[in-house]
Amino acid sequence: MQKIPFIQKKILLIFASLSIISSTLAQASEEVNVYSYRQAFLVEPLFDKFTEETGIKVNVIFAKKGMAERLAREGKHSPADILLTTDISRLIELHDRDLLQTYSSKTLLDAIPSQYRSKDNTWYALTTRVRNIYSAKRLGVINVNYEDLADSKYKGKICTRSGKHAYNIALVASMIATHGKAETLVWLEKFKANLARKPQGSDRGQVQAIHQKLCDISLGNSYYFGKMLADEKQKVWADGVYINFPNQSNRGAHVNISGMAMAKYAPNSESAKILMEFLVSKDAQKLYAETNMEYPVRTDVMPSALVASWGTFKADSLPLETIAKYRKEALKLIDQAKFDL
Ligand code: FE
């Protein structure tokens with residue numbers, strides 16, 4: 001047999017290792033399919049960056065509702081690989097209907113604090129958002145906790161959206177986890193008695209109501225403060241309120257999440273894993289959180305300068321799974337307190 005000169009051997013070795021790399025890449029398909037409740041303006045810049053870095057094409061189906069129903073209907077033939085959504089309740093629904101598969105890696109576990117991912121590695125948070133209490137500047141600087149919403153000194157001064165909106169259900173669930181059912185029911189009844197009007201509208205609508213002097217205090221997610229400030233018409237509403245981070249002297253402010261999960265029958269699971277890891281990378285986290293004025297789930301990535309200007313805060317360390325566990329009880333209590341009536 002002819003002896004291969006050393007230099008040629010080296011080239012052969014390089015080719016051999018290159019082909020190992022390319023066969024690893026070939027395992028990951030050239031595309032990944034995403035079902036998203038998150039809007040295009042938010043995720044498209046991320047997916048463009050992902051495709052640029054990996055060559056994997058991202059196909060997205062945007063929806064406002066019905067993701068779980070669609071996945072259940074499609075069953076094993078579903079093209080969905082990755083699911084993106086907001087609110088813990090939606091992730092838990094996907095989980096409880098057995099529509100997710102487990103995936104974990106050191107990258108994911110290191111990037112995401114344990115309270116913001118499922119114990120069984122089916123879903124992971126990507127961003128967090130605080131349930132703030134907005135207060136009229138005309139009240140001066142006040143220190144207001146969730147418990148204070150039941151204080152009779154705020155009689156006729158509070159506005160909120162429906163108690164049955166996912167954001168409020170999660171807050172009530174966190175109250176049950178902290179104070180128990182009986183105390184939470186009393187809190188809800190007194191909070192209801194303090195409302196200036198029947199629960200209605202959106203979080204931003206309540207700040208508008210403060211601007212119109214219909215009330216002085218409201219509940220609202222943190223990112224809406226940024227969105228109002230950026231909106232020509234709504235800026236004046238935001239300029240009239242302070243954004244308060246409740247319960248800073250005890251358990252911390254209630255936080256909810258937006259998150260991701262891999263679909264149970266993901267046909268492109270290798271590409272899906274690459275996308276999941278990309279979404280928790282420092283660059284993606286910065287871009288994701290900045291675009292929607294949320295907080296990156298990674299603690300080593302700063303929020304945008306605007307969001308950071310609202311101050312640092314202590315977040316309730318209650319695992320999101322515990323909040324989800326009390327969701328049904330929370331709904332029952334909201335009904336019992338006739339909160340929306
Ligand atoms: Fe929202």
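These legends accompany a set of close-up views of a predicted model.

Figure 1. Let us start with the overall layout. The domain assignment gives domain 1 as residues 32–128 + 255–308, and domain 2 as residues 131–254 + 315–336. Their C-alpha centres are 27 Å apart. To the contact, domain 1 gives 18 residues and domain 2 gives 20 residues.

Figure 2. Which residues coordinate the iron ion? The donors are the OH atoms of Tyr167, Tyr223 and Tyr224, at 1.9 to 2.1 Å. Read along the sequence, these donor residues follow the spacing Y-x55-Y-Y. Tyr167 belongs to helix α6 (residues 166–179) and Tyr223 to helix α9 (residues 222–229), so this pair ties together parts that lie 56 residues apart in sequence. Are these two side chains buried or exposed? Tyr167 is buried, with a relative accessible area of 10%. Tyr223 is buried too, with a value of 3%.

**Figure 3. The disulfide between Cys159 and Cys215.** How many disulfides does a search of the whole structure find? The search finds one, and the bond joins Cys159 to Cys215 with an S to S distance of 2.0 Å. Cys159 sits in strand β6 (residues 158–159), while Cys215 sits in the loop between α8 (203–211) and β7 (217–221), so the pair ties together parts 56 residues apart in sequence. The torsion about the S-S bond is about -110 degrees, so the disulfide is left-handed. Both Cys159 and Cys215 are buried.

Figure 4. Now turn to Trp187. Leaving out residues up to four places away in sequence, Trp187 touches Tyr146, Glu147, Leu149, Ala150, Val172 and Met175.

**Figure 5. Ala330 and its partners.** Ala330 is part of helix α15 (residues 327–336). With a relative accessibility of 0%, Ala330 counts as buried. Which residues are in contact with Ala330, once its neighbours within four places in sequence are left aside? They are Ile169, Val172, Ala173 and Ile176. Another pair to look for is Ala330 and Leu171, which are 159 residues apart in sequence and 8.7 Å apart in space, C-alpha to C-alpha. Val172 links this view with the previous one, as it is also listed among the residues that Trp187 touches.

Figure 6. Gln115 is placed in the loop between α5 (106–111) and β5 (123–136). A polar atom of the Gln115 side chain lies 3.0 Å from the backbone oxygen of Asp316. Apart from residues up to four places away in sequence, Gln115 touches Asp316, Ser317, Leu318, Pro319 and Leu320.

**Figure 7. Thr128 in strand β5.** Where is Thr128 placed? Thr128 is found in strand β5, and domain 1 is assigned as residues 32–128 + 255–308. Thr128 is buried, with a relative accessible area of 7%. Not counting residues up to four places away in sequence, Thr128 touches Tyr116, Val255, Asn256, Ile257, Glu294, Tyr295 and Val297.

**Figure 8. Ser162 and its polar contact with Asp340.** Ser162 is found in the loop between β6 and α6. Ser162 is partly exposed, with a relative accessible area of 23%. What does the side chain of Ser162 make a polar contact with? The partner is the side chain of Asp340, at 2.6 Å. With residues up to four places away in sequence set aside, Ser162 touches Asn168, Pro199, Gln200 and Asp340.

Technical notes: Residues numbered from 1 in each chain as written. Predicted model: local features only at pLDDT ≥ 70, side-chain atom pairs only at ≥ 80, totals over all residues. Heavy atoms only, no water. Donors = N, O, S within 2.8 Å, 3.2 Å for Na, K, Ca; no water. Helix = DSSP H or I, 4+ residues; strand = E, 2+ residues; numbered from the N terminus. Buried < 20%, exposed > 50% of the residue type's maximum accessible area, 1.4 Å probe, protein only. Disulfide = S-S within 2.5 Å. Contact = heavy atoms within 4.5 Å. Polar contact = N/O pair within 3.5 Å; in protein donor to acceptor, adjacent residues only side chain to side chain. Domains from an automatic or database assignment.
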